[in-house]
Amino acid sequence: MGIAIAMFYVTPPTLQARGIYAPFGWMPALAAVHALVSTLLVRRVPGSTPVPVEQVLEHDSVRHGR
């Protein structure tokens with residue numbers, strides 16, 4: 001809760017909130033795009049692969065002892 005309050009009041013009185021929040025919003029967005037491009041294009045790892053339902057149910061039953 002404290003972090004949310006601090007982020008709400010981070011802007012000094014002389015600046016607009018857009019001047020603070022926009023650059024910090026772009027940083028995680030650019031990091032996410034870089035991670036996606038690095039994973040898909042550089043390492044050539046598939047983003048996700050479908051798993052058969054039976055395998056998920058088997059893993060769940062072994063995990064929970066059923």
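Trainee: What share of the 66 residues in the chain is buried?
Mentor: Buried residues make up 3%. Buried means under 20% relative accessible area, exposed over 50%, and partly exposed in between, with a 1.4 Å probe and protein chains only. This is a predicted model: local features need pLDDT of at least 70, side-chain atom pairs count only at pLDDT 80 or more, and totals for chains, interfaces and linings use all residues. Residues are numbered from 1 along each chain as its sequence is written, and side-chain values use heavy atoms, leaving out hydrogens and water.

Trainee: What pLDDT does the chain average?
Mentor: The average is 85, and 97% of the residues score at least 70. pLDDT is the predictor's confidence in each residue, from 0 to 100.

Trainee: What radius of gyration does the chain have?
Mentor: The chain has 21 Å, but a compact globule of 66 residues would be near 11 Å. That radius is taken over C-alpha atoms, and the globule rule is 2.2 Å times the number of residues to the power 0.38. The C-alpha box is roughly 60 × 35 × 15 Å along the principal axes.

Trainee: How far does H2 reach?
Mentor: Helix H2, residues 17-42, reaches 37 Å from its first C-alpha to its last. The expected span is 38 Å at 1.5 Å a residue, counted as 1.5 Å times one less than the number of residues.

Trainee: What comes just after H2?
Mentor: Arg-44, with a positive phi of about 55°. Arg-44 lies in the loop between H2 and helix H3 (53-63). Arg-44 counts as exposed because its relative accessible area is 68%.

Trainee: New topic. Which residues make the nonpolar surface patch?
Mentor: Met-1, Ile-3, Ile-5, Met-7, Phe-8, Tyr-9, Val-10 and Tyr-21, covering about 960 Å². Helix H1 (residues 2-8) gives the largest share, 4 residues. Patch members have over 30% relative accessible area and no salt bridge; nonpolar side chains are joined within 5 Å, like charges within 9 Å. A salt bridge is a Lys or Arg side-chain nitrogen within 4 Å of an Asp or Glu carboxyl oxygen.

Trainee: Why does Ile-5 count as partly exposed?
Mentor: Because its relative accessibility is 44%. Ile-5 is in helix H1.

Definitions and conventions: Accessible areas come from the Shrake-Rupley method with a 1.4 Å probe; for residues, only the protein chains shown count as cover. Helices (H or I, at least four residues) and strands (E, at least two) are DSSP runs, numbered from the N terminus.
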